[in-house]
Amino acid sequence: ISYQDNKGNEIYLEDSEFECHVVLEGWNNKLIVGKNFCGKDTMIRLCGNSKIILGNDILCVSQVQLEALSGGTIQIGNNVYIQKDSTILSKGGPITIGNGTEIGERFFGLCGRGTLLWIGENCLFSHDVSALAASGHSILDLKEQKNIAAENEKFVKIGKHVWLGRGVTVLYNSEIQDGTVVGAGSIVKMKTDKNCILAGNPAKVIRTDCTWSRQAEIPWEDFV
């Protein structure tokens with residue numbers, strides 16, 4: 001344990017040096033940081049029985065915020081790259097980001113109590129992408145006196161090797177399967193098959209049996 005206080009808050013560091021702004025509020029929060037974390041302008045905030053686990057070789061570029069509140073958890077895998085002005089916010093549910101994923105500027109990821117946000121390995125998100133497993137506030141049915149949002153919002157699941165274009169918004173109860181591409185500016189509120197292309201508002205499947213590659217020279221044997 002690298003840090004422990006009388007409220008049960010704990011910080012575990014793999015490296016002897018760690019430069020970052022950390023805020024611990026309330027009791028029984030836990031921060032675990034792997035090797036080679038780089039993000040001196042990153043703000044990490046935990047509030048009330050919350051946990052953040054950061055893998056090895058994570059790079060956060062300028063003014064990234066990671067916040068786990070009200071028993072929420074954030075787990076980020078190895079070799080993840082998060083660009084500037086991005087916010088990952090758990091208000092009580094689990095957020096997971098897989099190994100090798102790259103996230104562009106001004107990303108906003110949100111889950112609430114009773115919801116989850118899952119992002120798979122080796123994804124690529126352009127700038128201004130949002131993944132909203134929760135609305136972040138209550139939507140009330142006045143006649144039936146119930147919280148519609150709390151009843152309906154469950155998850156956002158984004159599979160492995162998914163490419164989200166600029167300005168994509170993924171709304172609650174959406175599931176984007178492995179290998180899928182989502183065109184710029186699309187609003188996703190659906191479950192997809194693997195290896196397809198989505199576009200539009202609302203997003204629709206416009207092509208199937210497709211995937212994407214970061215490489216200009218295509219290694220076709222990897223896709224057969």
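**Salt bridges in the model**

Biologist: What about Glu10, is it buried or exposed?
Modeller: Glu10 is buried, because its relative accessible area is 14% and the cut-off for buried is under 20%. Bear in mind that this is a predicted model.

Biologist: Which residue forms a salt bridge with Glu10?
Modeller: Lys30 does, with the closest N and O atoms 4.0 Å apart. The pair links distant parts of the chain: Lys30 is in strand 4 and Glu10 in strand 2, 20 residues apart.

Biologist: And how accessible is Lys30?
Modeller: Lys30 has 28% relative accessibility, so it counts as partly exposed.

Biologist: Moving on. How many salt bridges does the structure hold?
Modeller: Eight.

Biologist: Which residue does Arg45 form a salt bridge with?
Modeller: One partner is Glu25, with the closest N and O atoms 3.2 Å apart. Arg45 sits in strand 5 and Glu25 in strand 3, 20 residues apart in the chain. Arg45 also meets Glu67 in a salt bridge, at 3.0 Å from N to O. Glu67 belongs to strand 8, which covers residues 65-69, and is 22 residues away from Arg45.

Biologist: Glu67: buried or exposed?
Modeller: Buried, with a relative accessible area of 10%. Glu25, by contrast, is partly exposed at 29%, and Arg45 is partly exposed at 23%.

Biologist: Which residues do salt bridges with shared partners join into one network?
Modeller: Glu105, Arg106, Asp128 and Arg166.

Methods: Residues numbered from 1 in each chain as written. Predicted model: local features only at pLDDT ≥ 70, side-chain atom pairs only at ≥ 80, totals over all residues. Heavy atoms only, no water. Salt bridge = Lys/Arg side-chain N within 4 Å of Asp/Glu carboxyl O. Helix = DSSP H or I, 4+ residues; strand = E, 2+ residues; numbered from the N terminus. Buried < 20%, exposed > 50% of the residue type's maximum accessible area, 1.4 Å probe, protein only.
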